[in-house]
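The sequence and model are shown first.

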Amino acid sequence: MATATATAKRRIRNNPLRATILLTVVGYGLVLGTFLLDLPIYPDLTNAQVNVFSSVIALINATTTVFLAAGWYWIRNGEVKKHRLAMVTAFALILLFLVVYLIRVGGGGTKSFVGPDLVRTVYLLMLAIHILLSIVAVPLVLYALLLGLTHTPAELRQTAHARVGRFAAGSWLLSLVLGVVTYLLLDHVYSYEFSWLVVG
């Protein structure tokens with residue numbers, strides 16, 4: 001087992017881009033499969049359960065934001081071990097988010113914003129930016145994380161970890177903040193209607 005782990009780590013270390021592409025395709029595949037296919041793997045959720053899942057997602061995103069901001073602060077102050085712990089924790093939280101999000105969407109559909117036209121336009125713009133940034137952030141986050149987990153701090157100086165990490169953390173942070181704001185607008189400030197996934 002230890003040999004297999006060492007071999008996998010060496011492969012990722014030698015070709016982090018290939019591992020990033022593979023993991024990105026798997027992640028996108030899970031999300032697109034949930035939206036486009038009627039996968040019988042999700043439990044049927046009531047509207048009340050969808051609301052609970054939405055709140056859990058917002059809590060996960062808010063917590064992830066705190067860890068990301070802390071990780072950014074710590075690396076700027078040279079505290080590498082704390083930075084690494086914060087970023088790995090943020091990534092673990094985002095994996096938890098993915099599981100909860102897929103169950104919510106796959107088992108309970110989605111919510112449509114109901115509110116004044118101007119606010120709805122702002123909401124949809126923020127939601128679009130949130131989604132776009134989350135799509136862009138996935139490969140950047142994975143690449144920076146894989147480099148960070150397979151190289152020593154001294155070795156990382158010779159890689160694109162810091163440069164990619166800045167873009168990854170920036171896009172990820174903004175996406176998370178917008179996600180929490182859109183949740184608050186949808187679930188607490190204005191209103192919504194439930195809509196179900198329609199599979200062709």
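## Terms and basis

Contact here means heavy atoms within 4.5 Å. Helices (H or I, at least four residues) and strands (E, at least two) are DSSP runs, numbered from the N terminus.

The model is predicted: local features need pLDDT of at least 70, side-chain atom pairs count only at pLDDT 80 or more, and totals for chains, interfaces and linings use all residues. Residues are numbered from 1 along each chain as its sequence is written, and side-chain values use heavy atoms, with hydrogens and water left out.

## Overall fold

The protein chain contains seven helices and two strands. Read from the N terminus, the order of elements is α-α-α-α-β-α-α-α-β. Along the principal axes, the C-alpha atoms fill a box of roughly 55 × 40 × 25 Å.

## Helix packing around α5

Two packed helices are described by the angle between their axes and the distance between the axes. Axes are lines fitted to C-alpha atoms, for helices over the stretch in contact, and angles run from 0 to 180 degrees between N-to-C directions. The axes of α4 and α5 cross at roughly 135° and come within 11 Å. That makes α4 oblique to α5 (angles under 35 degrees count as roughly parallel, over 145 as roughly antiparallel, 65 to 115 as roughly perpendicular and the rest as oblique). Their crossing is left-handed; a crossing is left-handed if the near helix is turned anticlockwise from the far one by less than a right angle, and right-handed if clockwise. On the α4 side, Arg84, Val88 and Phe91 meet Val141, Leu142, Leu145, Gly148 and Leu149 of α5. The residues of this contact divide into six nonpolar, one polar and one charged, where Ala, Val, Leu, Ile, Met, Phe, Trp, Tyr, Cys and Pro count as nonpolar, Asp, Glu, Lys and Arg as charged, and the others, Gly among them, as polar.

Helix α2 also packs on α5: the two axes come within 9 Å and cross at roughly 140°. That makes α2 oblique to α5. The crossing of α2 and α5 is right-handed. From α2, Pro16, Leu17, Ala19, Thr20, Leu23, Thr24 and Tyr28 meet Ile135, Val138, Pro139, Leu142, Tyr143, Leu146 and Leu147 in α5. This contact has 12 nonpolar residues, two polar and no charged ones.

## Packing of α3 on α7

The axes of α3 and α7 are 9 Å apart, at an angle of about 150°. Their crossing is left-handed. Residues of α3 in the contact include Asn51, Ser54, Leu68 and Trp72, and among those of α7 are Arg166, Trp172, Tyr183 and Asp187. By class, the contact of α3 with α7 has 12 nonpolar, seven polar and two charged residues.

## Largest pocket

On a 1 Å grid over the protein atoms alone, a pocket is an open set of points where a 1.4 Å probe fits, with protein on both sides within 12 Å along at least five of seven lines; lining residues have an atom within 4 Å of a point. Grid points are joined across faces, edges and corners, and a volume is the space filled by probe spheres set on the points.

The largest pocket has a volume of about 1,300 Å³. It is lined by 39 residues, of which Val31, Phe97, Tyr101, His130 and Ser134 are the closest to its centre. At least two lining residues come from each of α2 (16-36), α3 (47-76), α4 (80-108), β1 (110-114), α5 (117-150) and α7 (161-189). The largest share, 10 residues, is from α5. The lining has 27 nonpolar, nine polar and three charged residues.

## Second largest pocket

The volume of the second largest pocket is about 670 Å³. Of its 26 lining residues, Ile75, His83, His161, Ala162 and Gly165 lie nearest its centre. Two or more residues of this lining come from each of α3, α4, α5, α6 (153-156) and α7. Helix α7 gives the largest share, seven residues. By class, the lining of the second largest pocket has 17 nonpolar, five polar and four charged residues.
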